[in-house]
Amino acid sequence: MLKEMVFPDCPVRNILSRVGDKWSLLLMHQLLSQSAPMRFSELRRAIPDISQKVLTATLRNLEADGFLVRTVYAEVPPRTEYSLTPRAHSFMEACRPMVQWAIDNFAAIIKDRNRAN
């Protein structure tokens, strides 16, 4: 929140402060890899090291910025699903080379980290 207030007119700082956190890109990547919307519990299982509180906050931020659609079904018990918007798809398309780079270089980086320790 502070970053948005300090740099309200800088698109790079403003937008990347929201999607460049620890979880946003990972959540969008997870949703992109699925053929159907995902429920909250499915996201928790897919990313087990994220807390419920942080997952909720991250989903709210992504929804507020137009990256996610949250659909609530009036059932008993209520069902909520999350899916990516066209904005998120275009963002993830721009991130695809970075994600692929991380996948391609992961083993070598882990090897270097282990050697450094």
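A hairpin of five residues links β2 to β3. This is a predicted model, in which local features need pLDDT of at least 70 and side-chain atom pairs count only at pLDDT 80 or more, while totals for chains, interfaces and linings use all residues. Residues are numbered from 1 along each chain as its sequence is written, and side-chain values use heavy atoms, with hydrogens and water left out. Helices (H or I, at least four residues) and strands (E, at least two) are DSSP runs, numbered from the N terminus.

**The sheet**

- Three strands make up an open sheet in the order β1-β3-β2, with antiparallel pairing; two strands count as paired if DSSP finds at least two bridges between them.
- β1 (38-39) and β2 (68-73) are the edge strands, each with a single partner strand, so one side of each has no neighbour in the sheet.
- Strands of a sheet pair through backbone hydrogen bonds, either parallel or antiparallel.
- β1 and β3 (residues 79-84) run antiparallel and are joined by two bridges; methionine 38 has tyrosine 82 as its bridge partner in β3.
- β2 and β3 are also antiparallel, with six bridges between them; here valine 69 is partnered by serine 83 of β3.
- The loop between β2 and β3 holds proline 77, and the peptide bond from valine 76 to proline 77 is cis, with omega near -5°.

**Helix α6**

- Helix α6 (residues 86-116) has 31 residues, which at 1.5 Å a residue should span 45 Å, and its end C-alpha atoms are 42 Å apart, in agreement. The expected span is 1.5 Å times one less than the number of residues.
- α6 bends by about 55° at asparagine 105, the bend being the angle between axes fitted to the seven residues ending there and the seven starting there.
- Ala88, Phe91, Met92, Cys95 and Val99 are the buried residues of α6. Buried means under 20% relative accessible area, exposed over 50%, and partly exposed in between (1.4 Å probe, protein chains only).
- These buried residues of α6 pack against α2 (11-19), α3 (24-32) and β3.

**Two residues to look at**

- Methionine 28 sits in helix α3 and counts as buried because its relative accessibility is 0%.
- Leaving aside neighbours within four places in sequence, methionine 28 is in contact (heavy atoms within 4.5 Å) with Val19, Leu62, Phe67, Leu84, Ala88, Phe91 and Met92.
- Methionine 28 and alanine 88 are 60 residues apart in sequence, and their C-alpha atoms are 7.4 Å apart in space.
- Aspartate 104 belongs to helix α6 and counts as exposed because its relative accessibility is 53%.
- From aspartate 104 to glutamine 34 there are 70 residues in sequence and 21 Å in space, C-alpha to C-alpha.

**The largest pocket**

- The volume of the largest pocket is about 240 Å³. On a 1 Å grid over the protein atoms alone, a pocket is an open set of points where a 1.4 Å probe fits, with protein on both sides within 12 Å along at least five of seven lines. Grid points are joined across faces, edges and corners, and a volume is the space filled by probe spheres set on the points.
- Its lining residues (an atom within 4 Å of a point) are Lys22, Leu25, Leu26, His29, Met98, Val99, Ala102 and Ile103.
- Both α3 and α6 supply at least two residues of this lining, and the largest share, four residues, comes from α6.
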